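The stops below are meant to be taken in order.

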Amino acid sequence: MLISLSVVIRAEPFVIGEAQAAQSLTEHLRILADEQGTLDFQGVRTAKSQQRLKPLDRQGANFGFSNAAYWVAFSLQNPTAKPVGLVIRQDYPLIDQLDFWHPAPEGGWTHIATGDRRPFQSRPLNLRDFVFPVTLPANTTQTYYLRYQTAGSMNIGLSVSSKTAFLPQLGKEQILLGIYYGGFLVLVIYNLFLFLAVRDRAYAYYMGYAISYGLYFGVHNGVSFQYLWPGSPWLANQSLVILLGFTLIFGIQFVRTVCSGPRLAPRIDRVARLFLYVLLPLTAIAPFVSYGPMILTLAILTLLLSILFMVMGVISLLQGSVPARYFLVGWTALLVSVVIYMLKTFGLVPHNSFTHNAFQVGALVEMVLLSLALGARVGELQRRGYIDELTGLFNRRYFDEQLPREFGLAKRNGTPLALLILDLDHFKTINDCLGHASGDTALRAVGQLIKRQVRKPVIACRYGGEEFAVLLPRTSIEAAQTVAERLVREVAQAGFDGVPLTISIGVASSENSRIGAAVQLFESADKALYQAKADGRNRVVVGNLAETAVKGIAQKGVAQRGQQQHKDEVELA
């Protein structure tokens, strides 16, 4: 029974083909965890250690953060009559110490000692991953050994391919890496020009985030060690935690800015600032602290911040933030990829090409969408520059831009354009008697009432002081009078905290043949407003007609209403 069981659990040799395509060796590995890290190559080949080399009882060969050294053995079989040149590849480059033994042609063993804690020149081939070329003789089966030890996450990702199949695959990977980092570079340069144009600090945070993230992935993929600092194993390791720290710092500032955290989500923003205050000293001491505890701490902070940013984005979206829409889509893509990668890092899901690269693909997708969020933010800032903060209506700047535009469109399309100019009656009395706070309350209330009474494409603006302007495209003079009458009636009936408040409105329309320019339309409405004031206020007057029309209040009882209004003002005083 024991013999039969040992045969069942024994990892079978992998049979090599003549033109062997890249194939994972995970199912053919035998692994021994050396908790003390004292076992040497001679010791692992003893009968006792050979019995401890066990096939994997799981889908992947990743073991999270561990202080143990891992011995790996696997066998390759060549059933052909010709020797086959092979490439054995370890696809996760963040292994501190990696030792490889393979049988030498003249007998004995050839030992290769490499890893990212050793000089880059220790690698058999000048590549970002650990690649070991070997030759498997004809009609033979050979066993190979590797020893892994690292302060980071233990990911064993071994594959084998023929040399002829490896080179085309390597070329494709180089093209994909060029496209990937080129995408990061294009986004950084594009947003740099936008930053120089608009001078919005969100673009500066975005560039810092993108550059830190891109360089972080360069270290993560082994590209930085290969091209930037091949002679500095210390920098190859510590740069990862430094860049991850900078990525999180710039990420916090970017998210707080683009989602308007201090304004729309103040409580979550305070938590984000707390994380920022933790990360700043943590990143500063990262080069002088042991790699293992630091990368584990930053990995946990990455997960927590990912959730925090998602909550801030949702709150901002519910508060009406347009950039938050793009941010949430991009951050969701990144969050899913982060969770997948972290689960792989802690050994909870297998190490494979999907779990290893999902993080990077999600990051690039996120970068593109965050760039769109920045564009939406510029639009939002521009709109906020056109908004009167007190009333929530558009301001005079916006009105001055839209009046000639709408007038020109009306003339070209042959459609009418109406204009209402509104003014609060006796507003100075309210300010003088009740204070400017009450005056602001009255202005805010009238502004909200106007906003409720009009719909697009109507443009309602606070022109200045207690004056308002309403542009009504494609609206006849009769319809404009109806709107004005309704506004006069609604304001008079509202009763703002017991304060008698009324408005006067002047109406003008481009239908009048005498009006040939936008400024004339405004002057006509403005004159009509002054006429309404002169006629006793709380009424509508239409400009440039054969006779002045008083709307919104019945003609009967004008004198009595004037007397009542005077009485109200005396009581208020």
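In what order do the four strands of the open sheet lie? Select β2, β13, β7 and β10: the order is β2-β13-β7-β10, and the pairing is antiparallel. β2 (23-24) and β10 are the edge strands, each with a single partner strand, so one side of each has no neighbour in the sheet. Strands here are DSSP E runs of at least two residues and helices are H or I runs of at least four, both numbered from the N terminus; two strands pair if DSSP finds at least two bridges between them.

This is a predicted model, in which local features need pLDDT of at least 70 and side-chain atom pairs count only at pLDDT 80 or more, whereas totals for chains, interfaces and linings use all residues. Residues are numbered from 1 along each chain as its sequence is written, and side-chain values use heavy atoms, with hydrogens and water left out.

**The whole chain**

Zoom out before going further. The secondary structure comes to 18 helices and 19 strands. Of the 573 residues in the chain, 52% are buried, where buried means under 20% relative accessible area, exposed over 50% and partly exposed in between (1.4 Å probe, protein chains only). Among contacts (heavy atoms within 4.5 Å) with a separation of 6 or more, 73% are between residues 24 or more positions apart.

**Back to the sheet: β7 and β10**

Select 84-90 and 130-136. Seven bridges join β7 to β10, and the two strands run antiparallel.

Now select D129, in the loop between β9 (109-114) and β10. Is D129 buried or exposed? D129 is buried, with a relative accessible area of 3%. The side chain of D129 makes a polar contact with the side chain of R89, at 2.7 Å. A polar contact is a pair of N or O atoms within 3.5 Å; within protein, one must be able to donate a hydrogen and the other to accept it, and residues adjacent in sequence count only if both atoms are side-chain atoms. Beyond neighbours within four places in sequence, the contacts of D129 include Q90, Y92, R123 and N221.

For a contrasting setting, go to E18, in the loop between β1 (14-15) and β2. E18 counts as exposed, at 63% relative accessibility. E18 touches T80, V84 and S162, leaving out residues up to four places away in sequence. Draw a C-alpha distance from E18 to T164: they are 146 residues apart in sequence and 9.7 Å apart in space.

**The largest core**

A nonpolar core is a set of buried Ala, Val, Leu, Ile, Met, Phe, Trp, Tyr and Cys residues joined through side-chain atoms within 4.5 Å. The largest has 97 residues, and those with the most contacts inside it are L76, I88, Y148, I156, L158 and Y213. Helix α7 (residues 233-258) gives the most to this core, with twelve residues. Centre on L76: not counting residues up to four places away in sequence, those it touches include F14, I16, I88, L136 and V160.

**Rings along α5**

Show side chains for 201-220. Y209 and Y213 are four residues apart in helix α5, about one helical turn, and both are buried. Rings of Phe, Tyr and Trp (its six-membered ring) pair if their centres lie within 6.5 Å; planes under 30 degrees apart count as stacked, over 60 as edge-to-face and the rest as tilted. A search of the whole structure finds 24 aromatic pairs. The rings of Y209 and Y213 have centres 5.3 Å apart and planes at 45°, so this pair is tilted. Y216 and F217 form an edge-to-face pair, 5.4 Å centre to centre with 65° between the planes.

**Strand β17**

Finish at 503-509. Seven of the seven residues of β17 are buried, so the strand is largely enclosed by the rest of the structure. I503, I505, V507 and S509 point one way, while S504, G506 and A508 point the other way. Which strands flank β17 in these pairings? β14 (residues 417-424) is joined to β17 by seven antiparallel bridges, with L422 as the bridge partner of I505. β18 (residues 540-542) pairs with β17 in the parallel sense over three bridges, and G506 stands opposite V541.
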